[in-house]
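User: I'm new to this one and would like to go through some of its side chains with you. Could you bring it up?

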Amino acid sequence: MKNNRLITLLLSLVLFFNIRPMLSQDVLTADINVDLSEENAPIPTGLYGIFMEEINHAFDGGIYAELIRNRSFEEGILPPGMKLVEKEDGGLKMELESLPEGVPEERWDMPWPWNGNCGWDPSRALIGWSLRGDHESGTMKLTEANPMNEASSKSLELSVGSKDNKPGTITLINEGYWGINVEEDVEYDLKFYLRPGTFNGKIIAALESTTGEILASETFSNIIPGEVWQKNTSTLTAEGTCPEAVLSLTFVGNGTLQADWVSLFPPTFKDRENGLRIDLAEYLEDYKPDFIRYPGGCYVQGLSWESAPDWRKMVCPPEERPGMWGYWKYRSTDGFGYHEFLQFSEDIGADAMYVSFAGMTVHPDNNWPLDDIDTIIGQTLDAIEYALGPTDSKWGKVRSDMGHPEPFPLKYVEIGNEHPPAIYGEYYTRFREAIKAKYPEITVIMSMFWSGLNHQAIERAGDENIDMVDEHAYRNVDWIRSNYDYFDAYERKPWTVYVGEYASHHNNGNLYAALSDAAYLMMMERNGDLVKLASYAPLFVNVNDRNWGVNLIEFDAARSYAHTSYYVQKVFNTYRPDVNLEMHTEINPRPDMSKPGMTGKIGLGTFNTSTEFKDLKIYNESGTLIFSDDFNDLQHWDTTGMGSWKTENNLLVQEDQNQFPSMLLLKNQELKTGRVTVKARKREGKEGFVLYFNVTGQNRFIFCNYGAAENRFSEIQSWGNPENFAFKSGKSTQGEIEAERWYDLELVVHNHEAEMYLDGELISDAAIEPMETVFTSAGYNHDNSTVVIKAVNYNADPVQAVINLKGAKKIRKKAKHIVITSENIDDQNTLDNPHHIIPGETTIKKASEQFTVTLPPFSVNLFEIDAKKSNIKK
């Protein structure tokens, strides 16, 4: 997408300049007025849930503690229902083998954005594995002969020694998921299966450091020929530490054998067999979530009907689970399967939310026939029975056989994920009717889009036939600042709302994002009559395989950290009040709209286009020429390192038509109000010209984009909002920029408005409007008689706030102030500095009906004040 492609620009700008916002000379103040006697909507516990999906190696190579990658050698199996076709560049991609009757052939291709997940790399088949030793000592290859069981169609065939039966030595290496974390004195449980075949010799299993040091080893002697699969186990106790170790299996002898299902586990969360990585599980336990949503997300849809996840194949020993190719471009072992999800929910005291396959895949035309949907509904009913059914039921007995005779805490079932077709409403209705008939206590959730409601599907289902809708909200960080009343204006219906996936996007999830996530949570709390559940997404990312830009918790093989948004949610959840209180906040001073709001650097550039510029002129608001450049040289310009810039014959030339984007900024000349003119000619490439202005920071600038979106239209666009202002786009004009033709470009800026001209014609306009810089909310906790006030300060300056408590009968002088902040709004936690931004706590010593506090710059604040209430108005 267009915005995603600008990431290259942003990363380069980080290195190029560090422009800090101008600090106000006026002291910022806030009057926070809270009325304890007037209660509003209750605040649900469900706003602090978690969503677990296999994306970014969140499960395999993440919270699922298995250390061996591609343990059953199944990674190269094509998903059922898909076929391989050759692309124009000679590579391979997956396509559906078939679509329902009546779908035109031109719509068979996987549409955007799902087509990006259909690439295929044949070399993945042996990912994680390599062979050490010369070719004469032995070889390895995948085979489908003599499978270990029905779930494992492939194994690794190893030939050891020479053809004339001389003994040899080869070593099979598994690197784990970008390294195996080995710690001194820790025990690791090893398990692997062998079909000895003709092999006669021994096997040495070892954990090796990156320097080749043996950290632990075990010898399996006297392996004799045979045709039966044999399980081999050992406990390896490490004598040293290495965060990027490997597992080696050294075969000494002669003959051909098969190996399969090689597994290595460290100690796990609550010592559960087939369990979870301790540090990652403890983040979630400490969060104390109200519920866990599983397993998707797009993951639950499948690329085809046949490749959608089937929970029934996950309630058995891990060796008997076939796994599946997941939507996020790698295969899942399903080691963290349906049973483990339910068990983990119980272990940390959370309700369970199961997301069922709705019979609709990521391809909007590839839907299971509605007339035959009872088959798929039956799978969902069986999943509920597995969780809740008595032990004498079919699936309740399977649960008991898996070691859990008591029911699991399944409370919610969601039907599918993000299905655009209107007919989804009919699918939902059929599922809900069947579930309610057998399990009336289950809340059946209807999935919406990644942003906004699917009104056509809701209409098909009927408001009275819906329990709850799941609206997803991936937003720019500044969205909430202009839409803090979003749920206030939501029309109330018989159904309630679950925000199943939300996140404020900025860089990889920095303090700025956390401020906006805090405001978003406060908005949901304030609308607790409507919004009953919420969960951030995605939850996890292995830093070596980032499929999504912003995630809550990051990790590698040995380390982990939580982003600031995690701590915001954890603090809000810990100090969650029962009910909202009436409140009003006044901020002073208000923005001065008479001052220029689009001040900043000016620049020129292109997107995938080679271009020439000449005759640059800048005029002030009175029309006086204040700068011009005939491009004899580049002395007035700073390059951001993007593009190939030079001057020749009084022309400024950007030569690289493959650079996306290119940028050149004036060193010293800023534009406040006035006019910029320049002539431009396209040489060759996909788009046209770019005139940058209001460049005030590494993530904030506005630009005139001539020939945007591969030369379809022209308009004023922005990346990030100007400091404390919201960008409002206006007119845009369709049409192409022609090559080898000179154009007159003109930009006119006046205070908070801008106009874009092409050859003297107005083709686009835009404006900026002030955004709120302080957000507040208040609630009351009846259990401990405390007022909880939350305040978010986006300003680069502190805010002196006066808290006024009306309707309090008795106030304790000592109060808590918990603050999350850092010096720079773009700061964030990292693997190397995991606790850079964490909550801090201070004590307020003189709380009363009126007292003063300070909201630090760029901060999330929570105040807990002991206060008995007087009369209550509801």
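User: Leaving aside its neighbours within four places in sequence, which residues is E208 in contact with?

Analyst: E208 is in contact with R132, E213, I214, L215, A245, V246 and S248, where contact means heavy atoms within 4.5 Å. This is a predicted model, in which local features need pLDDT of at least 70 and side-chain atom pairs count only at pLDDT 80 or more, while totals for chains, interfaces and linings use all residues. Residues are numbered from 1 along each chain as its sequence is written, and side-chain values use heavy atoms, with hydrogens and water left out.

User: Is E208 buried or exposed?

Analyst: E208 counts as buried because its relative accessibility is 7%; buried means under 20% relative accessible area, exposed over 50%, and partly exposed in between, with a 1.4 Å probe and protein chains only.

User: And which side chains do polar contacts join to E208?

Analyst: The side chain of E208 has a polar contact of 3.0 Å with that of R132, and another of 2.8 Å with that of S248. A polar contact is a pair of N or O atoms within 3.5 Å; within protein, one must be able to donate a hydrogen and the other to accept it, and residues adjacent in sequence count only if both atoms are side-chain atoms.

User: Switching topic, where does a charged end sit over the ring of Y780?

Analyst: The charged end of K869 sits there, 4.6 Å from the ring centre, and K790 lies over the face of F572, at 5.0 Å from that ring's centre. The criterion is NZ of Lys or CZ of Arg within 6 Å of the ring centre and within 35 degrees of the ring normal.
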